[in-house]
Amino acid sequence: MSIYKKIPLLVKLIAAIALGIILGGILPTSIIRVFVTFSSIFSSFLGFTIPLIIVGFIVPGISQVSNNAGKLLGLSTGVAYISTLIAGTFAFIVAKLVLPGILANATLQSFQNPEELMLKGYIEFKMNPIFDVTTALIISFVLGIGISAVKSEGLKQGFNDFGEIIEKLLSVVIIPLLPLYILGVFMNITASGEVFKILKIFIFVFAVILVLHIIIILAQYTLAGTVNGRNPFKMLVNIIPAYMTAVGTQSSAATIPVTLRSTKNMGVDKNIANFTIPLFATIHLSGSTITLTTCATAVYWLQHGAVFPTTAVMIKFIILLGVTMVAAPGVPGGAVMATLGLLQSVLGFNEIMLSLMIALYITQDSFGTACNISGDGALSAIVDKLNQILFKKKKTT
């Protein structure tokens with residue numbers, strides 16, 4: 001068991017997908033249904049925990065940001081949120097332009113008619129959530145803002161503790177069991193005869209995501225260099241060590257020391273960098289937003305027979321996604337786990353679609369994290385300049 005824990009989640013996930021394809025093609029239906037039964041029960045438990053995840057992370061996140069109110073914090077949070085919205089909007093626009101050519105004739109019957117083509121488990125164990133996703137979001141905003149307004153340290157600590165419980169549930173139970181869940185799902189998809197279509201889609205969508213990451217990083221540093229009167233490419237060279245560290249660690253938090261040093265090397269005031277880099281490591285996830293938006297658009301297309309979600313629906317999704325990213329847990333795959341509720345409530349994703357979203361996201365999580373922290377350096381430079389313009393008092397002679 002200790003050896004299993006040391007294996008990176010990405011390796012486990014890839015192995016689960018490969019095993020699912022192999023075993024789904026050679027095992028008898030009776031055996032496959034055993035794994036499908038586990039996946040079905042796990043999916044039900046996941047649905048039960050989604051509202052708890054939302055409350056457990058968003059309430060402490062909002063109360064903490066509000067409680068530490070200050071001009072610099074407000075400026076930094078606003079810049080991070082705007083960056084996230086821009087990243088999501090950009091990803092959706094590009095997806096609408098590029099994906100039709102990539103996904104032409106790639107609709108999947110197992111998405112559109114899962115009851116007819118997919119195997120069912122031997123037993124069903126329904127775990128109904130205590131409230132729906134919309135209610136969870138509303139409760140989270142009311143409580144988060146309310147705790148800050150009345151300065152209730154008791155409630156704040158209570159929800160911080162609740163958030164730690166939910167994060168422990170994710171890191172100890174849910175995420176370690178994800179490979180087994182994905183194994184059952186891919187065995188089922190293989191039995192339906194559509195697995196190779198999905199693998200082809202994985203490759204193309206993954207390539208689009210990587211290109212979008214590069215473009216958004218270039219845009220962020222072009223803006224940062226322009227407002228500061230610096231060469232954006234020299235700034236980019238400084239952030240490369242942080243990017244490579246993030247690819248290896250798959251963690252924004254673990255990369256903070258390298259990101260901090262890289263950001264100071266590009267000329268950002270050390271006091272600003274000391275404040276913004278740890279903050280942005282938590283609340284700025286432009287790379288993750290690009291990945292989730294692109295994957296969600298592609299999966300929606302597959303389910304609805306070459307139809308994209310409407311612009312109004314995607315605007316709602318991206319706005320709420322930006323808030324969710326602020327509160328996403330700092331564990332591998334945490335961002336997609338925190339987003340499952342939005343995918344269900346806003347885009348109407350079913351169990352199979354959610355499982356593919358998890359697989360798509362985690363297989364590129366290292367690059368998404370690297371995009372996130374690369375953007376942190378650029379945004380720190382922008383905040384540094386805005387702080388000088390808006391808040392820093394001129395010295396009197």
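Biologist: Leaving aside its neighbours within four places in sequence, which residues is serine 39 in contact with?

Modeller: Please bear in mind that this is a predicted model. In it, serine 39 touches Leu180, Tyr181, Gly184, Val185 and Glu351, once neighbours within four places in sequence are left aside. Contact here requires heavy atoms within 4.5 Å. Serine 39 itself lies in helix 3.

Biologist: Why is serine 39 called buried?

Modeller: The relative accessible area of serine 39 is 3%. The term buried applies under 20%, and therefore serine 39 is buried.

Biologist: What makes threonine 37 count as buried or exposed?

Modeller: Threonine 37 also belongs to helix 3, which covers residues 29-67. Its relative accessibility is 10%, so threonine 37 counts as buried. Beyond its neighbours within four places in sequence, threonine 37 is in contact with Gly121, Tyr122 and Ile123.

Biologist: How do you know whether valine 237 is buried or exposed?

Modeller: Valine 237 is located in helix 10, residues 232-249. Its relative accessible area is 53%. Exposed means over 50%, so valine 237 is exposed.

Biologist: What is found for alanine 335?

Modeller: Alanine 335 is part of helix 15, residues 334-345. With 6% relative accessibility, alanine 335 falls under the 20% limit and therefore counts as buried. The C-alpha atoms of alanine 335 and tyrosine 361 are separated by 8.8 Å, and the two residues are 26 apart along the chain.

Biologist: Which residues of helix 16 does helix 13 meet?

Modeller: Tyrosine 361 is one of them, together with Met353, Met357 and Leu360. On the side of helix 13, the residues include Ser288, Leu292, Cys295 and Val299. By class, this contact has nine nonpolar, three polar and no charged residues.

Biologist: How are helix 13 and helix 16 placed relative to each other?

Modeller: Helix 13 (residues 286-303) and helix 16 (residues 351-363) pack at an angle of about 145 degrees, and their axes are 10 Å apart. The crossing of helix 13 and helix 16 is right-handed.

Biologist: Why is cysteine 295 called buried?

Modeller: Its relative accessible area is 1%, which is under 20%, so cysteine 295 is buried. Cysteine 371, with a value of 0%, is buried for this reason too.

Biologist: How many disulfides are there?

Modeller: The count is zero. A disulfide would require a pair of cysteine sulfur atoms within 2.5 Å.

Biologist: How many helices and strands does the protein chain have?

Modeller: The protein chain has 17 helices and zero strands. Of its 397 residues, 51% count as buried.

How values were computed: Residues are numbered from 1 along each chain as its sequence is written. This is a predicted model: local features need pLDDT of at least 70, side-chain atom pairs count only at pLDDT 80 or more; totals for chains, interfaces and linings use all residues. Side-chain values use heavy atoms; hydrogens and water are left out. Axes are lines fitted to C-alpha atoms, for helices over the stretch in contact, and angles run from 0 to 180 degrees between N-to-C directions. Helices (H or I, at least four residues) and strands (E, at least two) are DSSP runs, numbered from the N terminus. A crossing is left-handed if the near helix is turned anticlockwise from the far one by less than a right angle, and right-handed if clockwise. Ala, Val, Leu, Ile, Met, Phe, Trp, Tyr, Cys and Pro count as nonpolar, Asp, Glu, Lys and Arg as charged, and the others, Gly among them, as polar. Buried means under 20% relative accessible area, exposed over 50%, partly exposed in between (1.4 Å probe, protein chains only).
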